[in-house]
Amino acid sequence: MTGTLKEKILTKLEKSEKNYVSGGQLAESLGVSRTAVWKAICSLREEGYVIEATTNRGYRLEEGSDILSAAGIAGYMRNGDISGIHVFREVDSTNNEAKKLALAGAPHGTVVAAEKQTAGRGRLGRSFESPAGTGIYFTVIMRPKADLRKALLITTAAAVAVCRSIRELTGKQALIKWVNDIYLEEKKLCGILTESTTDFETGELESVVTGIGINFRTPGSAFSEEARARGICSLYGPDSDTGGTEKPPVTRNELIARIIDELTDICDDLDDRSFLTDYRRWSMVIGREILCIRGKERRKVRALDIDEWGGLVVMTEDGNRETLSSGEISVRW
């Protein structure tokens with residue numbers, strides 16, 4: 001296990017499933033003294049972690065404690081590597097931070113996460129509201145050996161990774177609105193923004209940053225009137241000023257880790273299109289009449305399928321089939 005002593009202890013507490021872990025067990029497993037464990041616990045408390053201490057039982061994270069941390073995320077990932085995970089209390093945009101790291105040579109799989117974004121962005125220059133402490137905002141840097149055409153597939157892969165993770169960890173029936181939005185009960189839950197840099201000589205992607213923003217337990221009052229009017233929701237407590245009473249069965253750290261693992265698995269072999277089966281199965285637009293939007297043009301079409309490149313196959317009102325690889329659609333008009 002990599003990381004500082006404090007990070008290693010946090011990882012063990014995160015993975016203890018809220019059970020007590022004795023100071024002696026922590027000290028022995030980490031090869032340090034019980035005094036060192038106690039000092040690390042004190043430091044974690046100063047950072048905001050609520051850690052209970054009970055005589056003859058040990059330490060545990062208080063139920064409901066859900067602070068983003070590199071150790072917390074790494075503790076749930078398969079490789080457990082903390083070195084490439086960067087967590088901030090506040091950034092303008094995790095995509096912006098990730099692009100800076102990518103330009104500086106950050107390796108494939110580097111992660112940037114934040115408790116709050118002051119200038120979160122979605123597609124087409126739209127803002128993505130990112131209230132502090134209640135959402136999931138993170139970006140993964142990838143360096144795929146692929147050409148620009150596969151950039152759309154990465155966005156498609158991210159949508160599947162998010163849906164798989166939410167469904168498996170929470171039981172919530174998340175659906176995909178082409179190309180990059182995740183919906184729950186006809187309201188937007190998650191946005192995905194993929195940005196890439198290309199080597200113009202080879203035509204290969206140098207780096208791809210995929211930003212994912214999920215409203216995890218954000219009260220409705222935290223969103224603007226405009227966002228609420230568009231139809232927005234949260235995994236837990238979407239309409240409650242107190243965050244709702246439904247208890248999340250998963251922490252934000254765990255959900256981020258699962259999404260990263262799922263996304264990495266898919267993107268390691270984009271030539272394997274089997275993940276598109278899930279994309280089609282969870283599509284909320286296939287079989288529906290939708291509004292296709294390109295600039296000022298608006299036209300009704302029927303969504304038929306998702307092709308092997310993640311494009312949306314539609315039928316126009318005059319009976320012609322087309323495949324959309326970009327643009328915007330609406331299921332409401």
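L148 counts as partly exposed, because its relative accessibility is 47%. The class partly exposed falls between buried (under 20% relative accessible area) and exposed (over 50%), with a 1.4 Å probe and protein chains only. L148 sits in the loop between strand 5 (135–142) and helix 6. Helices (H or I, at least four residues) and strands (E, at least two) are DSSP runs, numbered from the N terminus. L148 and V208 are 60 residues apart in sequence, yet their C-alpha atoms are 9.9 Å apart in space.

The model is predicted: local features need pLDDT of at least 70, side-chain atom pairs count only at pLDDT 80 or more, and totals for chains, interfaces and linings use all residues. Residues are numbered from 1 along each chain as its sequence is written, and side-chain values use heavy atoms, with hydrogens and water left out.

Strand 8 (residues 187–198) and strand 9 run antiparallel and are joined by nine bridges. Strand 5 and strand 9 also run antiparallel, with eight bridges between them. Here V140 has T210 of strand 9 as its bridge partner. Two strands pair if DSSP finds at least two bridges between them. Strand 9 (residues 205–215) is largely enclosed by the rest of the structure, because ten of its eleven residues are buried. In a regular strand the side chains alternate between the two faces of the sheet.

Helix 6 (residues 151–170) contains R167. R167 is buried but has no salt bridge. A salt bridge needs a side-chain nitrogen of Lys or Arg within 4 Å of a carboxyl oxygen of Asp or Glu. The nearest side chain of opposite charge is D278, 8.2 Å away. Lys and Arg count as positive and Asp and Glu as negative, while His and the chain ends are not counted. A polar atom of the R167 side chain lies 3.0 Å from the backbone oxygen of A174. Leaving aside residues up to four places away in sequence, R167 touches K172, Q173, A174, L175 and W282. Contact means heavy atoms within 4.5 Å.

In helix 1 (residues 5–14), the buried residues are I9, L10, T11, L13 and E14. These buried residues pack against helix 2 (23–30), helix 3 (34–46) and helix 4 (70–74), as well as helix 8 (252–267). Strand 1 (51–54) and strand 2 (58–61) are also among their packing partners.

Most residues other than glycine have a negative phi, and most peptide bonds are trans. N56, in the loop between strand 1 and strand 2, has a positive phi near 70°. N56 counts as exposed, because its relative accessibility is 82%. E185 lies in the loop between strand 7 and strand 8. Its phi is also positive, at about 55°. E185 is exposed, with a relative accessible area of 74%. The peptide bond from W178 to V179 is cis, with omega near 5°. V179 belongs to the loop between strand 6 (175–177) and strand 7 (181–184).

Confidence is given by pLDDT, the predictor's confidence in each residue, from 0 to 100. The mean pLDDT of the protein is 86, and 90% of its residues reach 70 or more. Over residues 238–244, pLDDT stays under 50. The model has 15 contacts beyond four places in sequence for this stretch. Where pLDDT is low, the predicted coordinates should not be read in detail.

How values were computed. A polar contact is a pair of N or O atoms within 3.5 Å; within protein, one must be able to donate a hydrogen and the other to accept it, and residues adjacent in sequence count only if both atoms are side-chain atoms.
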